[in-house]
Amino acid sequence: MSGRFDAVADTAVRLPDGSTRDGPIVDLRDVELGPSRGALDRVVCAGCPTTSGTLAVHSPPPQSVHRHVSPLTPATTLDRRAALAALAAARGVETPYDDDLRTARRSLRSAAPAAVGVAELRTARRRAAEAGAETERLRERVATIRGRVNALRDADHGTSDDGLAEAEASLSETTRRLSEVATERVAAAQRLELLERTARSARDTRDARLRLEDRVGNLERAVRDARIVAVEDDFRAARRTVAARLSRTRPPDAAVSTGVCDALAVARGAPIRAPVVVAPDLVGALGGPTSTHDVLDAPILIC
């Protein structure tokens, strides 16, 4: 390889010793790498680190379909529907539901719930109840003291001026306290009313958000189903090609599972630019590195 490591058009692998290997087929079977195939695939997805002495892979970034087809081993399994939906997305398949889904997602992003804390609402209710109870208690207290004052004023027997003055002072203080508590009661009631109104609005917003989430979910399923239908025929054709190649190249004792065949067909049909990590046993079943690259129609790392 010539030039800077980050200037390579195809796949380039920088080994821990500083040497590099590049091209559409990078065979690492003779290198003691240490990382597992899964770890190597994560290096592909993470991009090229800058630290020296570290295994690095420079390539175009992987698409979502990549995680369905890499790494490829004889034990690979596949969620076919999810993989076909990712394949269709990678190929830019459009559906009649795309515009509605974009609109619904925008609406969902803007539907921020106006939440009211349950604890805050509970505290407001308690304060309103306490202020109400205290107001009623003080009203009864004022009525009792006023009755006593009136009784003292109307009494025709000798009553000391000190007793009447004391009762009037108590009435004045209790009346003042009643006025304060009544004001607190009004404020507490207004605060509670505001929080309850906000809570009702929050519930309405939450219900609207739930409806939007349901709509987004339904549209996502409709988009996924439409995408799968759009690529199913091409997938079946690619699978027939893969099966035909395996029938010619696979050793008699090298069975290839349905999941592997499906993954190979998905990879063949996808515009994959990031390298697919492939196990040597599967490379052998496909007839060697060149044949494997041809079947996948994608750059490969053999490890």
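Please bear in mind that the model is predicted.

Let me begin with helix H5. Which residues of H5 are buried? They are Leu121, Ala124, Ala128, Ala131, Gly132, Thr135, Leu138, Val142, Ile145 and Val149. In general, an α-helix has 3.6 residues a turn, so residues three or four places apart point the same way.

Arginine 127 also belongs to H5. Is arginine 127 buried or exposed? Its relative accessibility is 54%, and because exposed means over 50%, arginine 127 counts as exposed.

I turn now to the nonpolar cores. The largest has 39 residues, and the members that touch the most others are Val266 and Leu296. Several elements each supply at least two residues of this core: helices H3 (80-90), H6 (161-249), H7 (258-269), H8 (280-285) and H9 (289-296), together with strands E5 (276-278) and E6 (300-302). Apart from this core lies another, of 14 residues, including Val31, Leu40, Val43 and Val57.

Which residues does valine 266 touch? Leaving aside residues up to four places away in sequence, its contacts are Val65, Val69, Leu78, Ala83, Leu84, Leu87 and Phe235.

Next, the sheet. Three strands form an open sheet in the order E2-E1-E4, and the pairing is antiparallel. Why is one side of E2 and of E4 left without a neighbour in the sheet? Strand E2 (20-22) and strand E4 (56-58) stand at the edges and each has a single partner strand, so one side of each has no neighbour there. On average, neighbouring strands of this sheet are turned by 15° against each other, direction ignored. Strand E1, residues 12-14, is joined to E2 by three bridges. Arginine 14 has threonine 20, in E2, as its bridge partner.

Finally, the cysteines. How many disulfides does the structure hold? The number is zero. Cysteine 261, at 10% relative accessibility, counts as buried. Cysteine 303 has a relative accessible area of 17% and is buried, because the cut-off for buried is under 20%.

Methods: Residues numbered from 1 in each chain as written. Predicted model: local features only at pLDDT ≥ 70, side-chain atom pairs only at ≥ 80, totals over all residues. Heavy atoms only, no water. Buried < 20%, exposed > 50% of the residue type's maximum accessible area, 1.4 Å probe, protein only. Helix = DSSP H or I, 4+ residues; strand = E, 2+ residues; numbered from the N terminus. Core = buried A, V, L, I, M, F, W, Y, C linked by side-chain atoms within 4.5 Å. Contact = heavy atoms within 4.5 Å. Pairing = 2+ DSSP bridges. Axes fitted to C-alpha atoms, helices over the stretch in contact; angles between N-to-C directions. Disulfide = S-S within 2.5 Å.
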